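Please read the following walk through the structure with the model open beside the text.

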Amino acid sequence: QVQLVESGGGLVQPGGSLRLSCAASGISFTSYVMAWYRQAQGKPRELLAYITTGGATSYVDSVKGRFIISRDNAKNTVTLQMNSLKPEDTAVYYCNTYGGGSSWGQGTRVTVSS
């Protein structure tokens, strides 16, 4: 079974930073492009960023320059460094393979508010 466990969310002030982590198990981690998604209340889940097995990255415009996706293949983890956070970043954040082919974890909630 594929297990994806996100952590690191919380309440942060606008302009602040958070570092999210995703621990993967039950998957041949190094064989997959990994991605971060988020779902704001009342909105569909959206892709934010992905990182290839070789470390190439891609971001949607709304987070480009503020968020950094990385992976540690030795630890089967994917991280999302979130900087210059805005209230519109408030959402539940999820990791998955690119395309969302694995079962979804519980996500980790990020609230950006003053």
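Two strands are said to pair if DSSP finds at least two bridges between them. Strands are DSSP runs (E, at least two residues), numbered from the N terminus. The model is predicted, so local features need pLDDT of at least 70 and side-chain atom pairs count only at pLDDT 80 or more, while totals for chains, interfaces and linings use all residues. Residues are numbered from 1 along each chain as its sequence is written, and side-chain values use heavy atoms, with hydrogens and water left out.

Start at strand 1, residues 3–7. Strand 1 is antiparallel to strand 3 (residues 18–25), and five bridges hold the pairing. Buried here means under 20% relative accessible area, exposed means over 50%, and partly exposed is in between (1.4 Å probe, protein chains only).

Strand 3 also runs antiparallel to strand 8, joined to it by six bridges. Ala23 has Thr77 of strand 8 as its bridge partner. These pairings belong to an open sheet of four strands in the order 1-3-8-7, with antiparallel pairing. Strand 1 and strand 7 are the edge strands, each pairing on one side only. From one strand to the next, the twist averages 15°; for such angles, axes are lines fitted to C-alpha atoms and values run from 0 to 180 degrees between N-to-C directions.

Within this sheet, Thr79 is worth a look. Thr79 lies in strand 8 and counts as buried because its relative accessibility is 11%. The side chain of Thr79 makes two polar contacts listed here: one with the side chain of Arg19 at 3.5 Å, and one with the side chain of Ser70 at 2.4 Å. A polar contact is a pair of N or O atoms within 3.5 Å; within protein, one must be able to donate a hydrogen and the other to accept it, and residues adjacent in sequence count only if both atoms are side-chain atoms. Leaving aside neighbours within four places in sequence, Thr79 is in contact (heavy atoms within 4.5 Å) with Arg19, Leu20, Ser21, Trp36, Ile68, Ile69 and Ser70.

Strand 4 and strand 5 pair in the antiparallel sense over five bridges, and Trp36 stands opposite Ala49 of strand 5. The two strands form a hairpin with six residues between them, and Gly42 in the turn has a positive phi of about 80°. Strand 5 is in turn joined to strand 6 (residues 57–59) by three bridges, again antiparallel. Here Ala49 has Tyr59 as its bridge partner. The hairpin of strand 5 and strand 6 has five residues between the strands, and Gly55 in it takes a positive phi near 100°.

The largest has 26 residues, of which Trp36, Phe67, Ile69, Leu80, Met82 and Tyr93 touch the most other members. Strands 3, 4, 5, 7, 8, 9 and 10 each supply at least two residues of this core, and strand 3 gives the most, with four. Apart from neighbours within four places in sequence, Ile69 has contacts that include Trp36, Ala49, Tyr59 and Leu80.

Finally, the whole structure holds three aromatic pairs. Rings of Phe, Tyr and Trp (its six-membered ring) pair if their centres lie within 6.5 Å; planes under 30 degrees apart count as stacked, over 60 as edge-to-face and the rest as tilted. The rings of Tyr50 and Tyr98 have centres 4.6 Å apart and planes at 55°, so this pair is tilted. Tyr50 lies in strand 5 and Tyr98 in the loop between strand 9 and strand 10, so the pair ties together parts 48 residues apart in sequence. Both are partly exposed, Tyr50 with a relative accessible area of 25% and Tyr98 with 48%. The rings of Tyr94 and Trp104 have centres 5.9 Å apart and planes at 80°, so this pair is edge-to-face. Ring pairs link Tyr37, Tyr94 and Trp104 into a cluster.

Terms used: A nonpolar core is a set of buried Ala, Val, Leu, Ile, Met, Phe, Trp, Tyr and Cys residues joined through side-chain atoms within 4.5 Å.
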